[in-house]
Amino acid sequence: MPFKPIGFILAALLAAASTSVVAENSLDPILHKAIQAYQVKPHQPSERRLGPKEKLGQALFFDPFVSGPKKIACATCHVRSKGAGDGLPMAVGLGAKGISTERLAHSGAFIVPRNALPFFNRGSKDFRALFWDGRVQLGPTGLIETPLGSRQPAGFDSLLAAAAVFPPAEPDEMLGRSLKRGTQDTYHAELVTIDDEANNLQERTLNAFGNLVERLLETKSHNPQPVALQYRKLFAEAYPRTPLNEFRINHVGNALAAYIGAAFELKPAPWDRYVAGATSALTPEQKQGAFVFFGKGRCAVCHSGTQFSDFRFHGLAVPQMRVGKHNGYIDYGRAAATSRGEDRFAFRTPPLRNVTETFPWGHNGIFTSLESVITHHANPVPMLYKAQQQDPEEGSNAGRLLGFRSPILAEMAPLSKAEIELLMKFLKALSSEPVMPDSVALPATVPSGDRSFIRP
Amino acid sequence: MRPRTIRRLRFWSQLVIAFSLLFIVIVEYGRPFAVSWYYQDEYSKLALECDQSMHDEAALRAGTSGAAKDPALEVSGMVGLAVCHQYDVLRKRMLINGVSEERLALIGLKGLENEQIPVNRMVDPHRMDRF
């Protein structure tokens, strides 16, 4: 008879002994301190719609009419469903057809030896340097600096606007080359009207800018082509107070920037909701990942701020793959923009929003998994070794690459496989959809009528 | 008193004494044993991580690395120290549950292996001035 109470009392005793030894070790207070210390602010999208200026930008973005041989558009390489990149390690410029992997079928095509960059939140003022090497950037006094130096045209609303007009003036990307150095498919046509174009970047770029505006608007013609008539209408609606003969390249850039800013602005990601106070927006594992990101991984030293970039330049000893912007075999990165020796092999810290969507990774697209790119920060040896096995020439560069590796990386604490998993889960929390749905962002057609690149 | 009542009283008082003794045994010996057995891996892991993060933080604060003294690096070092807070919380909870200082020191040392300094001496100030 007394056995029943005994069982009951025993159970109660055990329960008392083991209660609340360690309650959930909540990371929230610590994370909030880290957020304060780094002064991280959540991303808050602004109200975006397609006004007349954005409509003009949209037409220019999707219309291959903007390129020398009229064969390629911004939308060819900046594909909406590929994270606004192209899903290729390096972009395929003129001489190919289609979008994304379809372009690999054309062996003679020009390669743009860098991984195409996505456009997420590029309308934000946070972006103080554009392109992998920051060749379009805000100077110390807030002035726009570009490869055109003192000859940079005026009238651009933003850094993005100034950057957006360079791709149409890049020979391999959109402009094209002379017939001596290619075919009709890669011919710059009337967009270049100077001699010795191959050797004079500034002269050629300015020449292409002027000729592009003339192609779009035929300002001197009394009987323009139907395409030009449509562009005249779009320009007039976008800039109602500017007369036809006063349109310049900055009007093209400002419209492209207006469209890019509106079409690729992101909704708040789980991370933004968390920073704004929604404690349950991140999973416990993502919180642990954030803790590694802001702490011992030192990730936030470079991937900082709302966009997860310091907009500075660091060397990661990424194998070169024998392609590059210099003599075709090497990519000096930042040094191309500054001409300073110490900037060699450094690249802009990539912003990490939607980084889970922008396969493949790295300035030359050499990383095919997020895990491999994260591990490479801590230990570049396996990738360098693999590259050397595939191509002995790579090995002759490895020491140099390591010499220019950022000393900040030496301060990363050793990360376990489990911690790298946590980091990848955290990166997922930085992803969100664009505010604007595809149905609004994609046009029905473009003035030239070539709809090849209007794809989701 | 009726003999029956006395028998009952004796029975119940013996029962109460037996349970009280059992309670004391469980709380004083069983509980610390169970708690330290259950949390020892976590505890020695946190002790090691805390130790490492203190070394890192001290190095970053001193700016002796090749990287210039960088405020963001220092902040990352401070964030890294938060594992010492987790370590501390677990330590206090284990103490409250009757695990002895000596036993904690032993578990901690197992994690650090060849470090000869008792863990509490390293950890209490939360940072060190040497690394």
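The close-ups below come from a predicted model.

**View 1. Helix H1 of chain B, from end to end.** Here's H1(B), which covers residues 3–62 and so counts 60 residues in the run. From first C-alpha to last, H1(B) reaches 82 Å, close to the 88 Å expected at 1.5 Å a residue. Look for the kink of about 55° in H1(B), which is centred on Tyr39(B).

**View 2. H15 and H16 of chain A, packed together.** H15(A) takes in residues 381–390 and H16(A) takes in residues 392–403. Their axes lie 6 Å apart, at an angle of about 150°. Angles over 145 degrees count as roughly antiparallel, and H15(A) and H16(A) are therefore roughly antiparallel to each other. Their crossing is right-handed. On the H15(A) side the contact is made by Leu384(A), Ala387(A), Gln388(A) and Gln390(A). H16(A) brings Pro392(A), Glu394(A), Gly395(A), Ala398(A), Leu401(A) and Leu402(A) to that contact. Sorted by class, the contact of H15(A) with H16(A) has six nonpolar, three polar and one charged residues.

**View 3. H14 meets H17 in chain A.** The axes of H14(A) and H17(A), the latter spanning residues 417–428, come within 10 Å and cross at roughly 120°. That makes H14(A) oblique to H17(A). This crossing of H14(A) and H17(A) is right-handed. From H14(A), the contact involves Leu370(A), Glu371(A), Ile374(A) and Thr375(A). From H17(A) come Lys417(A), Ile420(A), Leu423(A), Met424(A) and Leu427(A). By class, the contact of H14(A) with H17(A) has six nonpolar, one polar and two charged residues.

View 4. Zoom in on the bond from Phe359(A) to Pro360(A): it's cis, with omega near -15°. Pro360(A) sits in the loop between strand S7 (346–348) and helix H14 (370–378) of chain A.

**View 5. Phe131 of chain A and its positive phi.** Phe131(A) has a phi near 75°, a positive value in a residue other than glycine. You'll find Phe131(A) in the loop between strand S3 (129–130) and strand S4 (136–138) of chain A.

Terms used: Residues numbered from 1 in each chain as written. Chains lettered and ligands numbered in written order. Predicted model: local features only at pLDDT ≥ 70, side-chain atom pairs only at ≥ 80, totals over all residues. Heavy atoms only, no water. Helix = DSSP H or I, 4+ residues; strand = E, 2+ residues; numbered from the N terminus. Expected span 1.5 Å × (residues − 1). Bend = angle between axes of the 7 residues up to and from the residue. Axes fitted to C-alpha atoms, helices over the stretch in contact; angles between N-to-C directions. Parallel < 35°, antiparallel > 145°, perpendicular 65-115°, else oblique. Left-handed = near helix turned anticlockwise from the far one by under 90°. Contact = heavy atoms within 4.5 Å. Nonpolar A, V, L, I, M, F, W, Y, C, P; charged D, E, K, R; others polar.
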